[in-house]
Amino acid sequence: MILNQILFYFFALLAVGSAILMVTRRNVVHSAVFLISTLLATAGIFLQLQAEFLFVVQIILYVGGIMVLFVFVIMLVNLDVALRQIQFNRQKYVAAVLTLVLAAQVFFALWVARAGLNLANPADKMPVRNTEAIGDAIFQRYMLPFEIASVLLLVAMIGAVVMAKRRV
Amino acid sequence: MGHLIPSSIAPYVLPVVYAVVIVAVLPLLAGYIVLLERKVMADMQARLGPMRVGPHGLLQPIADAVKLLLKEDIIPANADKLMFWMAPLVSVTMALLAYAALPIGPAFQIADLNVGLLFILGISSLGIYGIVLGGWASNSHYSLLGALRSAAQLVSYETAAGLGLVSALLLAGSLSMKEIVQAQYDQGTWFIFSVPVGFFIYMVGSIAETNRAPFDLPEAESELVAGYMTEYSGFRWSLYFLAEYANMIIVAGIATTLFLGGWLRPFARWHDHFPGTSLEFFDVIPSLVFLAAAGYCFYLAPKQPVQIQKIVMAAFGAACLLLAGAMAAALFASPVVMAGIHGAFWFMAKVVAYLYAFLWFRFTFPRYRFDQLMRLGWRFLIPLALVNVIDVGVAIILRQELGWSPFWAMLLMTLVTLGIAMWLASEGSKPATTLQPADTEI
Amino acid sequence: MTKGPTTEITTTVLGADEIILNMGPQHPSTHGVLRVKLKLDGERVVDSECIIGYLHRGVEKIAEHRSYQQFAPYVDRMDYVAAVSNGLGYCEAVEKLLGTEAPPRAKVVRTILTELQRIASHLLWLGTHALDIGALTPVFYCFREREEILKIFEKYCGARLTTHAFRIGGLQYETYDGFEEDVKRFCNDFEHRVDEYETLLTENRIWVGRTKGVGIITAADAIALGVTGPVLRGSGVKWDLRKAMPYAAYDQYEFDIPTRPTGDTYDRYIVRMEEMRQSRRICLQAIENIPSGPILGKVGKVLKPPPGEVYHSIEAPKGELGYYIVSDGTTQPYRLRVRPPSFINLQAFRKMAEGALVADVVAIIGTIDIVLGEVDR
């Protein structure tokens, strides 16, 4: 319905606009903040698709965890050097041309397949709720990959702590 | 009234009304919690607290708000203007946004999300950006360090608090806030009695998450590293302050919903356990409380020194009387209305009780040093929370698979968890940084 | 910066991660205008330097141009938290120079007032120390008790803080009607007040965690640095001038000298709490029988002590407070030098702060119990 469409275009514009602003800012902290708003907009789109668990996890993990890490690192590292660098390098015209070519290709692909492009009608009543469906999938069907991923993360965490550890 | 509202916007009317009510009432509520804090602080410190502005300081929050609004807005010279403007806004927005999923009554909830609890936790974790960006934007080395420390503390204790919540979640079986309260009603017991250790973990985690004493090192005045709020003055500072108290109310609200039965009256299912008897007099308590408050206001009114204070006190008494009348009238209205109004009363009462504990801790305990704070979070609270989750799982299995009674299963696993907690605490009290005494050569 | 001996941090080369942090003269926790320069390696203090003198008023120079009685009010302004003790030390030093003694009644009343002042000084220390570490409540309780003592002082000599309670040769004012009752009532109430403070702090995990192992100074270091008072007794050295070289009426009363073995902040806290109890004990014993008699000895109106020098020290609440007076036979001293306990104890700060964390610096400054009026004079 109309509200759905308005919300979708709002989130989509927010996402694309924030992404463009992110890559064009000189101030790195501003870029990080615009990345945050891009991720939040994508989370909004997830919510529209009735994937509420993904919506919340995107916020908690991506924006509330990974971006916090990014922001910490940005603030602790000396950025004066970055501010003095040239923002756009000399190959910008070549890059612009290539980008236009790529954009043309993407638009052509979308145009060819335009019949299949419409906002999906969300199912009226999901048989199993989102969180439980994901929980079932992770802990029953995909248990082994899940455990391997957790061990991998644990190894990475231990490695990071060992490498960074120094006596306070 | 249904036919006055077109059906296309009918589902949105009540949530919008609730949202407006919450956004309008919250600053006032936060202000009065500040006044409560000052009076409780004074009481614990053998003083009286604010007494002049309004009778017994009752109009102090309004005076403070007006003063803050009129203050000069100072921006440091080299501050990042965009971030400086945005940081308090982020804090306040996130704090207010979390109220969307908080169930204040069975029907008084802006949005009953499927993943309501996770939503509130996620939005609370976004509040960190307000702090970090605020510290950055101040263009002061010490503000930045204070902000980063505060953020590190918040992130660490969020994990612990979340794990504490998981233990109650295992019993509830759903992430929807409404269903969690419903589960407490169905199981006939508040979850604080089933998982007391989980409640304790969540309480400690929430104190640290809201930067309250004894975990308020980033905010303390007598510490060397200035806090992130240092460069903010006037209205911007009051936004941060509002965000902090709104956060406190949110964490109290989560604790109330998860552990204290939400909007349920104490002994809500008495008539199921003991048919024939009823504890309906519990339903009279809301109006009695307000009646007592009104009586106290009217008793104090003639004793105020200044005429205007007498009038204001009498007005407060009249307001309490109105509320008492509303509570009593609700008894005779439909059960839905009564559940709604009384539910809101019990919810706020439990939130205030939880916040009273916050205030109590602030004025009793000294402050933790930052490294002790982090050690407590990572080496005591998170392991304990993990153990607690496992134990609650075991208790549920004992209950469902082996048919133990809920009481004994929970009791056993609580004792096991407490034993592990004591072991962890004794591990932690061995000092990790042993400072060597100075050597004898001068 | 003036070039000085090797204690100057600015002349050393900074290592890779080292920064210099300045705790400026204006800071809520430095208990006055003390400036502390810390050289930090990350979170740890590698070296420190205390820069004092912001409150220097030239008291010792002023003494050379005042008669002995005229100078007596000046001593109150040095350790303004415990003015009565300053007065006691000064009057006894001049009496020693003159070769007289105060009459017994004056000695006993002096003892009572000085012990009350010791309790008041320790109460202020406890309140501010706890406040620095984050306990917001004990300061109000301590000031409530301190208020009672200050009321007694006001009734006795008219002033609460800078009392000028004693005169050379004895006392000026007779004790007021109800003095004994007031002191007795205070002492009786005070017992469970100290227990109240202990309940809040002594067994509290957070308090113990913030004070145990922080700011350790060994007995040998303390003696070598000349530290006295509760700081010395907290390191295990049982030295108290009230027992070692009794003055006033201390030899008539029974009391203990609390000591603790380790020399960290927690031990100094326990020592001072116990000292408050012992002071109360002395007051109760003294108030039982105050001898009757004159309150002022035979000291002339114009004081011209014979040429000579004297050093007399007392156990002030902060440590050994000494007065070195050189007389040249005139009405004004030739030289008056004060040995301020806070100044000498502050030297221990450098040793204590070595290896401490930045957050502990505040606790360490508090535990030495300095008053800048005494440090700078």
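Modeller: Going by its 377 residues, chain C as a compact globule would have a radius of gyration near 21 Å, and chain C has 21 Å, so the two agree. Keep in mind that this is a predicted model.

Biologist: Ok, and what box do the C-alpha atoms of chain C fill?

Modeller: Roughly 70 × 50 × 35 Å, taken along the principal axes.

Biologist: How many helices and strands are there in chain C?

Modeller: Chain C has 15 helices and eight strands.

Biologist: Which domains is chain C divided into?

Modeller: Domain 1 covers 9-51 and domain 2 covers 59-376. Over C-alpha atoms, the centres of those two domains of chain C are 29 Å from each other. Their contact involves 19 residues of domain 1 of chain C and 17 residues of domain 2 of chain C.

Biologist: What about the area buried between domain 1 and domain 2 of chain C?

Modeller: It's about 1,600 Å², with carbon and sulfur atoms giving 64% of that.

Biologist: Now the charges. How many salt bridges does the rule find across that interface in chain C?

Modeller: One salt bridge between domain 1 and domain 2 of chain C. C:D47 and C:R350 meet through their side chains in a salt bridge, at 2.9 Å from N to O. The rule also finds four residue pairs in polar contact across the interface of the two domains of chain C, both residues at pLDDT 80 or more.

Biologist: Which strands of chain C supply at least two residues each to the domain 1 side?

Modeller: Strand 1 (18-23), strand 2 (35-41) and strand 3 (44-51) of chain C each do that for the side touching domain 2. Strand 3 of chain C gives the most, with six residues. By class, that side of domain 1 of chain C has eleven nonpolar, five polar and three charged residues.

Biologist: Switching to chain B. Where are its domain bounds?

Modeller: Domain 1 of chain B is 2-264 + 333-429, and domain 2 of chain B is 280-332. The C-alpha centres of these two domains of chain B are 29 Å apart. In contact there are 15 residues of domain 1 of chain B and 17 residues of domain 2 of chain B.

Biologist: And how much area is buried between the domains of chain B?

Modeller: About 1,400 Å² between domain 1 and domain 2 of chain B, and carbon and sulfur atoms give 74% of it. On the domain 1 side of chain B, the residues that lose the most area to domain 2 are B:P55, B:H342 and B:F345, which together make up 38% of what that side buries.

Biologist: How many salt bridges and polar pairs are found across that one?

Modeller: Zero salt bridges between domain 1 and domain 2 of chain B, and two residue pairs in polar contact, both at pLDDT 80 or more. Helix 13 (residues 335-364) of chain B provides the largest share of the domain 1 side that touches domain 2, five residues.

Biologist: Where is B:A46 found?

Modeller: In the loop between helix 1 (10-44) and helix 2 (60-70) of chain B.

Biologist: And what's phi of C:A248?

Modeller: Phi of C:A248 is positive as well, near 45°, in a residue other than glycine. C:A248 is found in the loop between helix 10 (241-244) and helix 11 (265-288) of chain C.

Notes
Residues numbered from 1 in each chain as written. Chains lettered and ligands numbered in written order. Heavy atoms only, no water. Domains from an automatic or database assignment. Contact = heavy atoms within 4.5 Å. Buried area = accessible area lost by both parts, 1.4 Å probe. Salt bridge = Lys/Arg side-chain N within 4 Å of Asp/Glu carboxyl O. Polar contact = N/O pair within 3.5 Å; in protein donor to acceptor, adjacent residues only side chain to side chain. Helix = DSSP H or I, 4+ residues; strand = E, 2+ residues; numbered from the N terminus. Nonpolar A, V, L, I, M, F, W, Y, C, P; charged D, E, K, R; others polar. Rg over C-alpha atoms; globule rule 2.2 N^0.38 Å.
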